[in-house]
Each structure stands twice: as C-alpha cells, then as structure tokens.
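Open your viewer and come along for a short tour.

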Amino acid sequence: MTAARLDPASIEIIRRRLEAIAEEMQGVMLRSAVSPIVREANDASASLFLPDGTVLAQSVSLPLLLGCLVPAVGRMIREFPVEEMRPGDIYLMNDPYDGGTHIPDVSLLVPVFAEERVIALSATILHHQDMGGLTPGSVPTHATEIYQEGLRLPPLRLAREGAIDAQIMRIIARNIRTPDAFEWDLHAQISACTTGAARLAELAAKYGVAPLEAMLREQVRLAEAATRAAIRAIPDGTWRYEDQLDNDGVDLDRPVPIVVTVTVAGDTLTIDFTGSSPQVRGPVNAAPAGVMAGAFFALRAVAGPDIPNNGGCFRPLRLVLPEGSVVNPRLPAAVNARTATVKVLTNAILGALAEALPDRIPAANAGVSCIVSFGGRREDGSPYVVTEVIAGGSGGSAFGPGVNGISTDVSNTMNQPAEMLESDAPLRVHRVAVRRGSGGAGVHPGGCGILREYEVLRGPLTLSFRGERHLNAPRGALGGGPGRPAEAYILRAAGGREEIRSKLSTVLQTGDRLVMGTAGAGGWGAPA
Amino acid sequence: MSIEIGIDIGGTFTDAVCRDEDGAFRLLKVPSTPDDPARAVGIALDRILPGAAAEVARFLHGTTVATNAILEGKAAKVGLITTAGFADVLELGRMTRASNYDLVFGPQTPVALVPAERRLEVAERIGPDGAVLTPLDEAGVAAAARALAGQGVQAVAIAFLFAFLNPAHERRAREVVEEVAPGLAISLSSEVDPAVREYERSCATVFDAALKPVLDAYLGRIEAMLASRGVPAPLQVMHSRGGLLGAAAARSRPIRLTLSGPSAAAIGAASVLREAGCPAGISIDIGGTSADIAVIEGGMPVLRGDGSVAGFPMRVPTADVLAIAAGGGSIAWLDAAGGLHVGPHSAGADPGPVCYGRGGTQPTVLDASVVLGLVDPARFAGGTLALDAAAAETAIRERIAGPLGLSVEAAAIAIHRITNAALTEAVRRMTIGRGSDPRALPLVPAGGGGGLHAAAIAEELGMTRLVLPVAPGVLAATGLLEAPLEHDASMGFFRAVESIPEEALRDAIAALTARCAAAMARDGVEADATEVSADASFIGQGHTLEVAIPAGSETPGADLRAGFIAAHRAAYGHTRDAPVRLVTLRVVQRARPRGAALIASGAAAGPAGERRAWLGGDFATAHIQRGLAPGESLSGPAILETVDSTLLVPPGWRLTATATHLLMERVAP
C-alpha cells in the first residue's frame, strides 16, 4: 500500500486514535502517581513511537517535556535492538549523558508486539520525587558534577518477559531517599506504558500490521509537510538574540551567556546556539533533550498547534548545539537545574523570531520557573520533600497586557495550595500575592511576578532555591519597559537577612522565613 | 387529574413537556430568549398549560441563568473577605494556562469578577489541624464589610484558609457582616465547598455569592409567573447533580445550578434506560456544534466533583459529561499538507452549514449528510428550513473532493467517518478509558444528530443495542420529570482515616444525614434513599476516588479503608496496604418521583418511500418511515424520520418500538 493510495479518513481516524491513546496513558499515570510534582505540576509525559524511534503521538503535558523522550528512546533502542525485545520486556533509563534530561526524570519503555514483532514503542517519562544525591529531591543547586545529582541509570532492561529484575530495583532503592514513592510512581509509568501497548496492539489487530504501519508513517509525512508549509510562511532571514542566566548557582558573580541565531531559509528552521557559554561548574547546563523541548515549543508556537504533534514536525528543524557548551555539556557537568536555561533559551528563540513576526510574539515573559524545594523530617521522624514551581508574569503583546503570575512557554505547572503544603510539611505560608508594580511599563504592560513568604515550623530543613532573573530584567518590546527583576531573602529567626543571589542550597531552622518575589514580564509598546 | 410540567432552557430552544397521570404527554419547543430567558419560559408555559392550571401538581424547571451569568459576566457585584496574606489567591489561581502552546493569552482566573480592590484581608488563621492560630479580627471584618458596602457590592464571599476543617471564623465573620452591612448576600467557603485547596474553594464561593442576587430575582419572576397563572405547584429547579431543589434551597446555593443542563439530559437518558430495563448505559447528545457524552450507572448519571464553567473551576458535584466539539455544524477542512480534518471549528447556527443557504461556504457534517442521502432536504427540522443540496455538494466538491482527488460521495463518506471516529473516541474515553466495557452497554442517542451517528459509533465499539427516547429532541425537559428531589451535605477532613475514631465518623455521618433530612423536610418530602460516601486517596496522592460507605455502618472508617483499597485496585490495577486519607465525607438523600413513564402517542405513520443513502459500507436503498407504532419494527437499511430527529437503521440492525422507547438491536454482524 503506497502513501498516495491511503484513505484520508483512515489517516485522520488513526491520528485521533494515537492522540487518544497517549492521553489515556497520561491519565493512567497521573491518577496513580504519588510524586507531588507529578500530581500538581503535570511533570510527566507519555508518547508512542515507531520502532525506529520516530514519535507518533505525545500526550498533552508540561511543554518542557515536549519531545524529550526522543533521545531517551533512541538510546534505549540502540542499546537493546527492537529485534531482540520480547513481549513483557520493560526498559528504563535516566542518564542525562545518555539521552536523559535530568536525573529525577526516569524514562520507561515497553515494546508493542503484533504478528510476533515489534510494531511500535510505548514510553513515559516521569519526574520522580527523589533519586538520591546531595539534597532531597535530587536537584542540588550547588552541584558541580553529575555524580552529586543522584543515581544515573544507563539504558537498562528492567523486566524480561514480564519478570522485573529485582536486583535493579534493590540498587535503586538503596540509593534514594523515598524508595516507596519511587516504586509506586514507577508502577504508574509501567501501567501507562502497558495500557498504550495494549491499545496499539488492538489497532494492529483491527487494521492489520502492514496497513497500520503504512498509515503510521503517513502521519509523520503529513506533519512534516504541514510544518514545512508553516515555516515557509515566515519571511526568510537570520536573527540573533543574546541573553544571560544570572549565574550557574556556584560561581554567583559570573553570568552565563545564552546566544541564539535563528535562520529561516525556505522550509527549514535552524536554531544555532554558537556563542553561548561554555559548560559551567554549576548545574544549569542543559542536556540536549531539554534544549530540544525549548526549540520544539518555539516551533510549535509559531507553526500552529493544529499540526499533529509527531516526529514529522521536528524534521524541518536543525539544531546546532556546540559540544562542551551550556546547551550540550560533556561529562561530568552537573545538569539538574536545566529548567532555567531552557526557559531563557526559549525566550531567546522567540525573541529572535519576534523580529520576523512582531505582531505574533509578545514581549519577554519573566523567563523563570523558580523551583523551591523543602526537605526534612516531620515530628514523627518521617521524611518529606515538597517542591514548588513558581512563575513570574507573561509579556505584554499586540493583543493586550500580560497576565500576572502565570506559567509561560515550556512551563505550565500548578502551584502548591498553601493548604496542601501546610498539610504535607511543617511549614506555614504567610503570603501568596501578586508582586504589584513588577510588570514592565507599556501600552500593554507586562504581567507582574508572584510574592510568597514561608515560615519553618520545625527545623532543620534543607532548602533548595533555584531562581532566575534576579540580576537580569526581562526585556520589553517595541519601546515597552523591562520587568522588575526577582528578589528573595531569608529572615533568620536568630536575626539577620540573607539575600539569595538567584540560587542557593541551605539549611533553615525553626522560625526562619523565606521571602521571595519572582520577576515581572516585559511591557509592549512605548508608554505614553 | 394531576399533571406535571417540565420546562428546560437550552441555548437555541426552550423545551416544555406536560405529562398527565397515565403517561400521555405533549411537548413543544419555542425559541429561547437569551436577553431575558424568563420570557421564553412564560411563552412556553402559556402554550403548554392545558387550561386547567390548578391541576399542575409539579412544576420543574431547568435554567441556564446561573451559567450564562458567569459566561457573560452578568453576575452581581461581589467582594471577597479572606485571610491576611491571601487576597491574591483568587487572581493567581493555580498559575496554569488552558492552552499549552499559545504565546498570547488573557487572565485564567475570575479577576474581572472580583478585582483587587474588592478582595480584602482580615487577620485570622486556622492551622492544618483545624486549631485556631490567630483569632478572628472582628473589627477588621467590620471594616472590610463597610469598605465593600461602600463600593456598592451586592454580595460578599468569605473564604478563610482551612475553614473546611473549622468554620468558626467564617461563621462569626458572617454575623459581623450581617450586622455592619445588612441585606448583602453572603456565602461561606466552608458551606459552599468544604474541601481542601484554597483557590478552588474561594472560586466556588465568590461565584455562589455573586449568583445569589441574580437567581433570587430570576426565581422570583418564575414564581410570580406561576402564581399569576394560578399554578399551585411549588417551583423546583434542576441542580448540577441531576436532582431537583426547591426554589428556596436553590436561592441559598445558586452555584449548584451552574452545570445543570447536561445533568438534566443525562437524567432523561437514565430514565429511558430504566424503562428499557437497563441500569447502565452511555448517552450521546449531538447538537449543531457539540456532543455531550454521559455515563449512567445504577440508574443514575455518574458524577464528578471538578467541573468548570468558562474555564473557572466549579467544584460542585455534577453529571460527568464529556463535551466535545463535534456536531452537524463541524467544518471539514484540509491542512497545508492535504490532510483531511473535521472540526473543532463549527459553522454554528449562523451562517450555519452551506446547505442552510445563509452564506456558509465551508462544508460541514450536515452538508455531508445531505450528500449521502441521510437527511431529506425538504423535511429538515420538521420542514421549517429547506436545505440546498446542490450547494452542499458544490462546497464538498470544491473544497474537499477536488483537492483530494475523490468523488463527492467518497469525500462526504470520509467526513462522516472522521466525525464518527471523533464521537467514538469520546465514548471510548468515557468507557474503556475508565475500565468499563462498552460492548455490554446500550447507547442512548439524543439531540438532532444522535440518530445519524449512533449506529456507526456502536458498530465501531462492538455495542449491539441502542435505546431511544420517544422524544429524543427534548431529553433535558423529559429528564426534569424523572429527576429525584435531592439534597446532599458534605464535610472536609483531609487526614488519615485511621487517625479518626469510628465514633467521630458515625457522629459526622449522623450530622450530615440530619442536615439532608431537614432540607428534604423544607421541600415537603421524605427521603426514600440515603447514600453515604467519601472521597479518599492514599496519603500523598492528588486524585481521589469516591467510595460508598454502607448507610448505618457501625465502622464507617474501617469500611472506607477497605473500600478504598479495593477501589484503587479496580481503578488503577494496583493498590497497597497504606494509610488512607479521608478528604471529603458526603451524605445524599433523595426522593424519587412517582409519575408514569412517557407513553408514545402510537400513531403509525407507515412507509414513506425509499431513497439511496449511505448507512455505512456501500450505498444502499433505504426504506424511509415517518413513525413507528408500539410493537412495530423496522429492519435496516432504513431511515426513521421524526419531527425532531433522524435515525439511521443500517443493514444488520432492527428497530422495534415499545410504548415508552425504541430499541434498536444488531441482528447480524
């Protein structure tokens, strides 16, 4: 059956089926996961792949996870060729130097069998609560080597023909702080993958393997063609945008430049990070899987979300990631805090494209998802880790003012209700407020950041703070003003105020307070 | 002779049904009057009242007034009094945006309803165990109330942190506001939505308060209308759970009306299923722009606790209806790569499909139905709108068939297949996606488009039975007649059930039951069923499962724990012996109506010729029939055309009429 003779209705029906399967997998995973960052921040994603590692469909989840299973699945099938896989096998990995994003994100893969061969792959990625390393939550802001960030798992066969390798599970359990939660969330991933595999097998039984495979390949071809058409609609040209991270979390006085050159030539888009900082000591280095998510987001945002979200969309995109740089580090650079880098580089890509599409792209958003993690022990001795992701504002645009305190671009995470936080950990939240006046001025002002204030009820606890935009303001557009930079400090119960220069790991004692305000976004248009 | 009247307001039509004691009924549709919805109710009432208003024993009403007030920003001016430090919770919400890939978007929270100057803070604090940490600053409450009154608010919402565990501060604050600013509508978060998560609870509370003046005025008009026509029956309205409330109860908790429309239709489907002897099934109500899918179990619609209106969370129990953008007006289009898609954009009612001849140029599902011979252009909508078949064909030829190199008919078939697939995906999500097997369930099609797509959906999912109401076009109105009078009460806990003494749980259940019974008594009835249930999770999980607790249990805590552990395995395939968190405890009481089922009028219309049509597979010559008397049957290929809907009977299906419903069964694969 050739592509030209495929029936257009069946192609569309299969596309809807694939997306529904990915959503069903996401639902299975989210409903039974226990990790708070999964349940409140949607930090987990499900995808279906062709046996060659091409994405067929991805669930709607945190855009930071867009396409991020691509390198992981690619690595797993290189290590374990699909011809050698058997029904009931499960594969997993998390190593950022082997296709992963950062250590808490564990990727899991289940092969889909029909007519006694692998016809597709069903995969999930989920941010686990803890994978060991320096600090609870496995995102130590002062890590300088991957070895401090937790347990690295290369591509492994976790189960052979349905039998889970107990030795692998024992090694993991010995190296992490909350093994029960890990096991639970891993089962949530396994359930999701086996659900996806069962659904695809049903599809193969209904349509026959060969016709189904032809229709799956056609999905990819159509998405590629639609994406190329969307890129062709952007004027050709080359645009450059320079930005920087406050610091790498270790060398606090040294900014980390992010430089991007975006080129549209006909139906291809090249995103080149040449000129960006060499890899740094602190953990803001981004493994390529994370950088790809930012590039995919920008491409999707300008190409239009109607285009099916599969591997065909990525084919017109060329990414240039200089080796040994902050966007493609070499061992043993630390990578846990890549979110800040991905947000800033996504902003930079959009900032460059704004020169070609000034009416469609807003002023810079706050460029930050501040990640705050508290870990310690409750009165009964049980350990806890709670993680919060806190946004800034969205940028003003041709269409209207920005929004106060809202997740933007690659992030779309829920905050933690104060009532949940206080129920889960010995903390008291004193303030949850819009940081008034922090949005950039403009015909359409930028959105304001968020103020939060916490008190420690029972110390000591370990605080991990990963902020951004403390030292660099988000820019306005077309004459609009910049957003106000972020600020954060600790008020010690014993007296004294300690400024946080964007990133910090420290110990808080009973009565200490953390006060933080995230950045406002850029305004649009010169204010009167 | 006593009669019952149900009037339901829909987006396009206001439907009325009048039923007498033996089940004979009349129905009518009048155009809705969105600028003043009560006007259409009055017109419908005058036309359906049989002249003997004094015989009306029940008057039941489904209204979109609460929902529309939210959608159109027409709720009353409202202020919020909240815990010091938390006035912006309502603006910040959960920090998420509805669309992942949009670069430009507006506020996602009700800032327009309650802007910053009307969100005032007072000192007070209750901890996560319900203990008072900071006493209520009563002078602060009084000052806030005065300030809000000075801004001209009509309603005040009071939402304090952890009030669902200890409502004392909210209750005292209400007393203070009543003293300082008498006459304002007041809602407390601990009463509107006693459950954890301050944004969702506050959101429900401000909408409840802001809807009170709107509902009070509206229900007052309907009551006056009934009185002026001499109708003695008290006004009862449908609430989102799918039950009826007396007007007084509706006034006191108007947020309960916000998601009532789909619930009424689901109740209607449940009652048709009951007549057919089926306790469970799936209903699919297909209109011009969207389709609603609901699940019926145990004779009642399955509920959910986390609905939304206009994108705002509306945490009230409601029929768990999945609405998707697929209907007769859904537009078929080609993407830049030549891929064929249908929807989500709709031609709506204006300009409508190309065949309406009102200026629509983009081919729709209805245009494809015309091309495929499924809809008779001369008899659409009871013959009130003559369809332009040639225009439909031209649009499909030029926009779809030509570019794809297909015949017009092949393109129309492709459009139908894609639409059927979209509808099938939605039914699949509500069944297989939740662990139930659709093959064992009957499908209840409703709405103008239900009968055009139901058989195709059923075939795809291996379902073999369709149950059709005698009046599929007015399912929500007939649902009003079948809905129970119902009250519920709940209490928030958010702690391990193992840490709560059984006696305390028994007392809580008794208190909630007493509250329900008192509410039933105020509506003048006695409950014939009491249900106790709890929302629970394992500690650390965000999603809850609802678990039934046997009424009268001596060990409700142990029952909940065992029930939850089993329910978790059933829902997710795995479970564990770990502490179980009781999130919300709930009691529901209901009293079922005793009316007869709707009885079809029974006039056989006989065959009305035949026509070439596509009913799946190849084109066939279909028998056309305009009615079916009880006991008669019809085998596919056939099309049953009634005043308000069209039903396709494909080859291999057999349709049989009874007095109360139609049954369509698959007799050959």
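**Stop one: chain A**

Select chain A: buried residues make up 66% of its 528 residues. Here a residue is buried if 20 or more other C-beta atoms, placed from the backbone, lie within 10 Å of its own, exposed if 12 or fewer, and partly exposed in between. This is a predicted model, in which local features need pLDDT of at least 70 and side-chain atom pairs count only at pLDDT 80 or more, while totals for chains, interfaces and linings use all residues. Residues are numbered from 1 along each chain as its sequence is written, and chains are lettered from A and ligands numbered from 1 in the order in which they are written.

Switch to cartoon view to find 10 helices and 20 strands in chain A; these are DSSP runs numbered from the N terminus (helices H or I, at least four residues; strands E, at least two). The C-alpha trace of chain A spans about 75 × 60 × 40 Å along its principal axes.

**Stop two: helix α1 of chain B**

Now select residues 37–48 of chain B, which form helix α1. Show B:Ala38, B:Ala40, B:Val41, B:Ala44 and B:Leu45, the buried residues of α1(B). They sit on the same side of the helix because they cover an arc of only 155° around its axis (taken from the directions from the axis to the C-beta atoms).

What covers these buried residues? Finally, turn to the face pointing away from the buried side, where the exposed residues B:Asp46 and B:Arg47 lie.

How values were computed. The expected span of a helix is 1.5 Å times one less than its number of residues.
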